[in-house]
Amino acid sequence: MSTSEEKVSEKPKMEYPPQLKWMLKRALEDPEGFWGEVAEELYWFKRWDKVFEWNYPDFTWFKGGVTNIAYNCLEYNVKRGRGNHTAIIWENGEGLPPRALTYNQLLYEVKRFASALKALGVNKGDRVTIYMPMIPEAVVAMLATTRIGAIHSVVFGGFGYGALADRISDAESKIVVTADVGYRRGKTINLKGVVDEALKISGKSVQKVIVLKRGEKEPPIMPGRDILWEEAIEKGKDVKADVEKMRADEPAFILYTSGTMAKPKGTVQPHGSYQVYIYAMGKWVYDMHETDVWWSTSDIGWIVGHSYVVYAPLLFGCSTIMYEGVPDHPAPDIWWHIIEKNRVTQLWISPTGVRALMKYGDEWPKKHDLSSVRLVACAGEVLNPPAWEWLQKRVFEDRIPVIDHMWQTESSGPMVGNPYGIALLPIKPGSATIPLPGIDGEVVDEDGKPVPVGKEGIFVCKKPFPGLTPTLWRNHERYVRDYWNRIPGVYYTGDAAMKDEDGYIWFLGRVDEVIKIAAHRIGTIEIESALLKHPGVAEAAVVGRPDPLRGEVACAFVVLKGGYEPSESLKDSLRELVKKTLGPIVIVSDIFFVSKLPKTRSGKIMRRLIKAIITDKPLGDYSTIEDETSIEEVKKALGKP
């Protein structure tokens with residue numbers, strides 16, 4: 001969609017289906033009645049006294065209610081007769097035998113580990129840092145922690161020791177749970193070594209490190225501090241670890257979002273509102289049912305992994321797949337093979353994951369029976385139209401919908417999306433669709449005034465919703481400053497967006513990923529989407545570069561597909577394509593060809609890092625980077641030392 005398109009009508013032209021229309025209206029007019037009815041579908045030890053209380057900017061959901069998210073994931077399913085149903089299916093790309101755990105087996109393991117934590121002195125409110133690969137024991141540790149009322153802080157297993165140290169220090173964790181090793185692309189990752197380094201910097205609060213042995217060698221053990229997983233289980237064998245009855249507003253977990261220059265922010269999610277929200281969005285967006293085999297390809301170190309690898313699928317009582325590995329190892333069809341083998345019903349995948357598979361062509365998915373899949377959902381960054389078209393038309397042959405949607409660590413679940421579970425709306429490639437029921441979303445300018453249809457602004461929420469973090473861990477001042485005071489009176493997402501005449505939201509990247517060329521604002525995502533239309537472009541990252549004449553110009557870094565070679569004529573073709581797609585105002589000053597882009601281990605392009613290199617600014621924290629040599633690629637392309 002071009003920013004040069006003129007929009008005249010403010011009123012949505014599209015008529016939404018009646019049920020969706022009613023839900024959207026009721027959620028905004030009667031949030032207490034609306035969310036109260038959703039919450040009734042989950043189990044509460046004690047019903048709430050008041051659904052919603054808001055004293056701007058502070059808010060509470062389900063005040064007076066008593067619940068426990070781990071109980072609802074496990075005992076509640078077993079009591080409903082789901083005990084022998086498969087809960088977790090573990091797959092990997094490393095040649096290890098797959099595993100499966102039923103709800104009965106998972107509950108058994110969670111009880112044992114909860115007793116181990118109790119035996120090691122973990123009480124309600126204590127923090128447990130979990131730094132593990134994508135394996136069932138990580139889920140066991142998460143559920144055992146929330147079962148006993150402690151608070152988990154899962155740290156992505158790809159983080160380095162500095163990032164881990166920061167998160168342990170901020171949470172003041174009493175216990176660290178880790179594994180000796182993880183596996184990735186046939187290589188062994190020494191996780192325990194990272195923990196040891198982190199604790200040299202920041203280990204004051206840590207009393208014990210629980211180590212799961214996976215490798216052939218004995219892991220290094222620090223006497224008095226470290227204890228093997230099985231030894232911890234043995235320690236707790238006579239200790240009771242009953243379900244702790246938690247107030248709805250008491251924290252279940254802390255999850256840190258990476259800062260750019262600043263320290264990571266510890267978002268907090270409570271037992272009550274968090275489970276209600278991820279359950280609701282599981283129904284309305286993903287159409288989740290207990291009979292599903294659900295696969296989110298995310299890592300548990302991110303919010304998607306928390307909400308839609310672990311908690312929401314288990315709240316529904318369905319089977320959830322955990323995958324350790326990458327999309328194209330040991331072969332480019334490993335994911336398609338897992339879908340066929342397990343008869344996956346819904347697939348959640350990032351746009352980076354799509355592009356990683358897309359570059360290998362159509363032959364690999366065509367080898368597999370993908371007929372079990374009824375929905376593909378993408379998020380993490382905008383799903384560029386060429387990537388959407390490949391999945392929608394080529395891989396799934398228009399048989400099922402491929403939907404884009406948007407959410408954040410802070411929101412815990414989808415905010416803008418296509419409500420497939422209520423009524424599928426027409427798909428507009430490149431748009432995340434509409435603000436979902438309960439999300440009072442608007443696109444505004446920097447003064448908080450709504451912008452006209454087709455004009456760029458900032459996406460905000462005018463009211464809290466149950467999935468929204470109510471605070472940052474021990475830093476409420478920063479929470480208020482960063483989220484509620486940027487544009488007073490509304491929740492500031494930091495995402496640039498525009499709204500079309502049908503009420504669809506088009507995200508343009510982070511606010512700091514919007515380029516202003518000669519006073520015209522253009523999202524980096526739009527330029528990347530245009531570049532990706534070229535048959536030779538596998539990936540593209542665009543950032544703004546200061547320009548004395550135009551304020552900023554676009555600077556593109558392009559990864560080519562096999563069979564294409566860098567050339568000046570190719571650069572000219574790409575510039576022409578952007579101009580043709582987005583209009584002559586969009587100036588791509590420089591195009592650099594690289595073999596890889598700086599990305600986080602969760603697959604997001606680190607545009608911030610590229611921009612820092614271009615402008616000779618400090619790189620800041622890049623502990624989440626997948627491959628540090630990608631920084632050298634960018635520097636080399638720019639002719640920088």
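Reply: Picture a 1 Å grid laid over the protein atoms alone: a cavity is a set of grid points where a 1.4 Å probe fits but cannot get out, and a lining residue has an atom within 4 Å of such a point. Rolling a probe the size of a water molecule over the atoms shows where empty space is left. This is a predicted model, with local features needing pLDDT of at least 70 and side-chain atom pairs pLDDT 80 or more, while totals for chains, interfaces and linings use all residues. Residues are numbered from 1 along each chain as its sequence is written, and side-chain values use heavy atoms, leaving out hydrogens and water.

The lining of the largest cavity consists of Ala27, Leu28, Pro31, Trp35, Phe52, Trp61, Gly438, Asp440, Lys463 and Pro464. Helix H1 (18-29) and helix H2 (31-39) are the elements that give two or more residues to this lining. Helices (H or I, at least four residues) and strands (E, at least two) are DSSP runs, numbered from the N terminus. By class, the lining has seven nonpolar, one polar and two charged residues. Ala, Val, Leu, Ile, Met, Phe, Trp, Tyr, Cys and Pro count as nonpolar, Asp, Glu, Lys and Arg as charged, and the others, Gly among them, as polar.

Elsewhere in the chain, let's visit two strands. Strand E25 (residues 491-499) and strand E26 pair in the antiparallel sense over five bridges; to pair, two strands need at least two DSSP bridges between them. Across this pairing, Ala497 stands opposite Phe507 in E26. E25 and E26 form a hairpin with five residues between them, and Gly503 in the turn has a positive phi of about 85 degrees. Why is strand E26 (residues 505-510) largely enclosed by the rest of the structure? Because five of its six residues are buried, where buried means under 20% relative accessible area, exposed over 50%, and partly exposed in between (1.4 Å probe, protein chains only).

One more buried spot is Thr600, at 13% relative accessibility, in the loop between strand E31 (588-593) and helix H19 (607-614).

Conventions:
On a 1 Å grid over the protein atoms alone, a cavity is a set of points where a 1.4 Å probe fits but cannot get out, and a pocket is an open set with protein on both sides within 12 Å along at least five of seven lines; lining residues have an atom within 4 Å of a point.
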